[in-house]
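Hello,

Here is the model I promised to pass on to you. Please have it open while you read my notes below.

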Amino acid sequence: MAVEVNKEYLLGEFSLDPDKRELRKGSRGLHLASRPFRVLLHLIEHRDRLVTRSELLEHFWQGKDIYDETLTKCVGAIRKALDDRLDSPRFIETRYAEGYRYIGPLEDRFFKAGVSVVEIERTRGVKVVIEEEEIQEAAQANEQAQPVQVPATTLSLSAPKTSRRAMLTPALALIVISLAVGALITYRTRARSASDSGASRPALAPINSIAVLPLRNLSGDPAQEYFSDGLTEGFITELSKVKGLKVISRSSVFTFKGKEIDPREVGQKLGVVAILEGSVLKSGDNVRVEVRLVSTEDGRVLWANDNYDRAPGDIFKAQDEIARGIVSSLRLRLNGAEEQQMTKRYTNSREAYDDYLKGRYYWNERTIPDALSKAVKYFEDAVQKDPDYALAYSGLSDSYVMSYWYTPMSSNEAFVKARQAAEKAVQLDDTLSEAHTSLAAVADNEWNWKVAETEFQRAIELNPNYATAHHWYALHLLGIGNSEKAIEEIRRAQESDPLSLPINADVGYILYGARRYDEAITEYKKALELKPDFPMALQGLAQAYVKSGKPKEAVALIARLPDDLQNECTAGYLLGVAGERDAAKRILAGEIQRSTREYVSPTCIALVQSGLGDTNRALFWLEKSFREHSPDLSSINDPMFDGLRTDPRFVDLVTQVRP
């Protein structure tokens, strides 16, 4: 009579019974759902190799990509049951974007109705079956592998019977068992070798473009938006440092914030082959980040992170792990120095990092009243908590630069502080593209053209994906008269940030500055398709209309411009050129009166005088602007001043301002 043998796995302090579907810790049974149990068993049975995610999906979910995230949660349930940690695993090793491997302690025990394997070996009545299905399963794992013919083998040691054949002794039985098991292992080894070899499966090409969509804030608290937005920017920053990878900049991806998206549509609009989407839940002392990489070709999930709760202080490590997982799933290879640069940590202070995220949040909202003053406050708080935080100094510098253009702050106040912060950022970290961009912007506004040129080139060399560096460099090139190169740079900025409203509007502005008015009109109209009431594009289109001999069309747009400082001056110029002199004079009088109460750029007033055809008064205000060293004179090559270019005083002024 055949004797049935049961098997149990000892996993250190845990035990797993495959037949009973039972996981225990000592004498206590542990709850583990059916599918996680089967996945754990599969990993144990294939512990000699890495088990790929695709293999697990195929085996347990019929290969459906929609269940990719479910697999991640399934492994998370196994870890929870085994008290395992992703950052210091004892049982399950994770290879990001590749798969899993069982690395824990393991002993096999065989039983016959509760009797140990030693006792079974002493008994004559042993039945060991190597099932043919087991061989077929291995064959199905790789149809291309050359099979090793291993017949189904049944060895039966039963009680003595009267027979002419010699009785098979236990020792001989063990020898035959060993041969059969050895043949099966040989077969499986060959099958796996064939499966793993490059000859049977060509390597997939790397994915070279990605957009990180805004992570959803699941807290239900709008005050936490800065955190989810900040993590999104963090991933963009990390990935943009990977050579050969096109990463879409912030302003383009944030046009999709809060919207239901179709990955294929996003791919077409942004020109990428993959998107990263996900969510953030910050609750009390824990932060949970869940992301997944999705193909824009067909919506397949290419990779998903192992989500689990982190203390806020561990968020840096979580970001680094996720970034490495993304790069691996994109099939990109980094050397040690490149990986270190990608995951470089700019502060170890969670509080300083939190302030930095808030500062960038308000900097990006700079058109909202008081947003820039809040940005300055949070960046200052960040550097106070961490005096070595180079990225925060860069943000502080950018905030002061924008404060001059968006608030009534004088150049003396704005750019002295901006320069100090930018120089500190570069001093702390000379490899930071943002810091060199900040210093270049300050130098440009202070007429230090050579310094600006050097710093912009250094910023782009450090991070070719940084759209702001290309954008501001393009404006610099236009200002010094190199319009053709300026067009090249603004197109590079547009490639990195295709849906950015300022960049798309400035494509039109740079073509306008190159006196290519018809092309400028076309580009401004494209920008207005993104946002019909965008002031920069409305103003620029009106300017291009005036220069192309269409004053009526320009006047029709002026009424749509908001009443802020810069647009009022431009409106006054346009109205004057279009023959609406009374309206232009009212604007002029209002700006001169306002200059007695707060700072108004003399260049702004000169612009309205130029539109009215008053060359002497226009030059008076321009000379005042020169004496103040006003950053506004960076636009002295603007076509709006073309009516003054034949005057020797203007020629002399340009010579002194420009290189």
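What follows is a short tour, from the whole chain down to single residues.

First, the ground rules. This is a predicted model, in which local features need pLDDT of at least 70 and side-chain atom pairs count only at pLDDT 80 or more, while totals for chains, interfaces and linings use all residues. Residues are numbered from 1 along each chain as its sequence is written, and side-chain values use heavy atoms, with hydrogens and water left out.

**The chain as a whole**

Of its 659 residues, 50% are buried, where buried means under 20% relative accessible area, exposed means over 50%, and partly exposed lies in between (1.4 Å probe, protein chains only). The accessible surface comes to about 31,500 Å², and carbon and sulfur atoms account for 49% of that; the areas come from the Shrake-Rupley method with a 1.4 Å probe, and for residues only the protein chains shown count as cover.

A contact here means heavy atoms within 4.5 Å. If you take the contacts between residues at least 6 apart in sequence, 60% of them join residues at least 24 apart.

**Where to be careful**

The mean pLDDT of the chain is 81, and 81% of the residues score at least 70; pLDDT is the predictor's confidence in each residue, from 0 to 100. Where pLDDT is low, the predicted coordinates should not be read in detail.

**Helix α22**

Helix α22 covers residues 535-547. Its 13 residues reach 18 Å from first C-alpha to last, close to the 18 Å expected at 1.5 Å a residue (the expected span is 1.5 Å times one less than the number of residues). Is α22 mostly covered or mostly open? It is mostly covered, with ten of the 13 residues buried. Among the buried ones are Ala 537, Leu 541, Tyr 545 and Val 546. After the helix comes Gly 549, which has a positive phi near 80°.

**The disulfide**

How many disulfides does the chain have, taking a disulfide as a pair of cysteine sulfur atoms within 2.5 Å? The count comes to one. Cys 569 and Cys 604 form this disulfide, with their sulfur atoms 1.2 Å apart in the model. The pair links distant parts of the chain, since Cys 569 sits in helix α24 (residues 565-577) and Cys 604 in helix α26 (residues 602-611), 35 residues apart. Both Cys 569 and Cys 604 are buried. Elsewhere, Cys 74 counts as buried because its relative accessibility is 6%.

**The loop between α27 and α28**

This loop, between α27 (615-627) and α28 (648-657), contains Ser 634. The side chain of Ser 634 reaches the backbone oxygen of Pro 631 at 2.8 Å. Beyond four places in sequence, Ser 634 touches Trp 449, Gly 479 and Arg 658.

Pro 631 has a relative accessible area of 1%, so it is buried. Its contacts beyond four places in sequence are Tyr 404, Trp 405, Ser 411, Phe 415, Asn 445 and Trp 447. With Phe 415, the C-alpha to C-alpha distance is 9.2 Å across 216 residues of sequence.

His 629 is partly exposed because its relative accessible area is 38%. Its phi is near 60°, a positive value in a residue other than glycine.

Trp 447, one of the contacts of Pro 631, also has a positive phi, about 70°, although it is not a glycine. Trp 447 is placed in the loop between α16 (433-445) and α17 (449-462). With a relative accessible area of 10%, Trp 447 is buried.

**One more serine**

Ser 496 belongs to helix α19 (residues 483-496). Ser 496 counts as buried because its relative accessibility is 7%. Leaving out residues up to four places away, Ser 496 touches Val 247, Ile 248, Ser 249, Pro 464, Asn 465 and Ala 467.

Technical notes. Helices (H or I, at least four residues) and strands (E, at least two) are DSSP runs, numbered from the N terminus. A polar contact is a pair of N or O atoms within 3.5 Å; within protein, one must be able to donate a hydrogen and the other to accept it, and residues adjacent in sequence count only if both atoms are side-chain atoms. A disulfide is a pair of cysteine sulfur atoms within 2.5 Å.
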